[in-house]
Amino acid sequence: MPLHEAGQHVGAHALATPDKAAVVMVPSGEVRTFAELDDASVRLARLLRERGLGTGDHLAVLVENEPAFFDVVWAAMRTGLFVTPINWHLVAAEAGYIVRDCDATALVASAALADVIAAMDPADLATATTRISVGGELPGFERLEDLVADVELGDVADEHDGGWMFYSSGTTGQPKGILPPMSPRLLGAPSFLTQMLSGLFGFSADTVYLSPAPIYHAAPAGWTTGTQRLGGTAVVMERFDALELLAAIERHRVTHVQLVPTHMIRLLELPEADRNRFDLSSLQRVIHAAAPCPVEVKRRFLDWVGPIVHEFYSGSEGAGFCYIGPEDWLAHPGSV
C-alpha cells in the first residue's frame, strides 16, 4: 500500500533520514535508527503475513521497556493489526486473561518474563498460534532473531495502518478491552494523535521526547510511536530514576518529557544541588497527566523549570481530551 503523502510512518523517515535515531534507551544507550527500525519491522511484518495474520487480527505484546517493543509494534502497525500491550507487572492469570480476551493470534513475549509465561493457563494461549520470544528462549515460543534471519526485505503484502487495543486498569472488575474501529487511512496518514502532538504540543521532526514510564501504558506507547511517526526521536527509560531522567535530558537535549505527578514529586525530592547541576535548557514542554497533581507540587515545578508545564486528561477509550496550559493554570491554580 502506498504511503500517504504526509509520510507519518517509519518507512518514510527511513528513506529521508535513515541514520537518525528513532529510539534511544536510557541508561543502556542502545539505539535503533529509522533504517534499522524499518528493516526489523518489515521482516517481522512479512513473517506475520506468511503466518496468516491479516488486517484486523490481534497481536499481544508482553515485553519490558526495550527496543524490541518498537520492532514488534511497527511490524503490526504496517500489517493492519490491533496491538495490545500487556502490563508486565501483572501475575500470570491476569496477563493470560488479556491474551485470551483480546483474541490474540500472535503473542510476543520477553524471555525476561519467563516465569509469568510459564505460569499461564495453556487455555489462555490457545488462540495465539504464533508465539515469539525476544531476548532469549521461551518454551513453546520461537526466537524472533531466528524467525526473521532468513526473511528478505521487500514489500509487505496489503500494507495497512494498524491500531491499538488497550485494556482498562481493572479497578471495577476484570480489565476491559477498548476496541476502536479499524483505521481506513492510508499508511502514514495524519491521525488525531499526530495532529494533537504537533498542533497543541509543538512536536515535529526535531522533537526529542523522553518517556520515563512503562510503555505498556496508553500515553507512553502512543506518544513514543507518535513521535516516531513525525520523524522525531523517542528516548525511553528502561526504569524510572529521578537523577537519570535529568541526566538524560541534558545528554540527549530532550525537548519534551511526559510525567505523572509521582515523577514530579520524586524529582522535587532531590536535593536542590542535584536538580540544579543539569542543563535543562533544551526543554520546550513538560507534560503531565494520568492523576491529579497537588497544587503545591505543580507550583514548585513551575518555579523550577519555568512556564512550560502543560497538563491533560484523556482516556484510552478516546472519548475526549482536556487540556490546560501554564498561563491558564497560573491564573487559576488548581484548575485542570
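E3, H3 and E4 make a right-handed β-α-β unit; right-handed means that, with the strands pointing away from the viewer, the path from the first strand over the helix to the second runs clockwise. The model is predicted, so local features need pLDDT of at least 70 and side-chain atom pairs count only at pLDDT 80 or more, while totals for chains, interfaces and linings use all residues. Residues are numbered from 1 along each chain as its sequence is written, and side-chain values use heavy atoms, with hydrogens and water left out. Helices (H or I, at least four residues) and strands (E, at least two) are DSSP runs, numbered from the N terminus.

**The strands**
- Strand E3 (residues 58-62) runs parallel to E4 and pairs with it over 4 bridges; strands pair if DSSP finds at least two bridges between them.
- Leu59 has Val83 in E4 as its bridge partner, and Val83 in turn has Trp164 in E8 as a bridge partner.
- E4 and strand E8 (residues 163-164) also pair in the parallel sense, over 2 bridges.
- From strand E4 (residues 82-85), Phe82 and Thr84 point one way while Val83 and Pro85 point the other way, and all are buried (under 20% relative accessible area, 1.4 Å probe, protein chains only).
- Side chains in a regular strand alternate between the two faces of the sheet.

**The whole sheet**
- Six strands line up as an open sheet in the order E7-E6-E5-E3-E4-E8, with parallel pairing.
- Strand E7 (142-143) and E8 stand at the edges with a single partner strand each, so one side of each has no neighbour in the sheet.

**Helix H3 and its partner**
- The axes of H3 (residues 68-77) and H8 (residues 218-229) come within 12 Å and cross at roughly 75 degrees; axes are lines fitted to C-alpha atoms, for helices over the stretch in contact, and angles run from 0 to 180 degrees between N-to-C directions.
- Phe69, Phe70, Val73, Trp74 and Met77 in H3 meet Ala221, Thr224, Thr225, Gln228 and Arg229 in H8, with contact meaning heavy atoms within 4.5 Å.
- H3 is mostly covered, with 10 of its 10 residues buried, including Asp71 and Trp74.

Methods. Buried means under 20% relative accessible area, exposed over 50%, partly exposed in between (1.4 Å probe, protein chains only).
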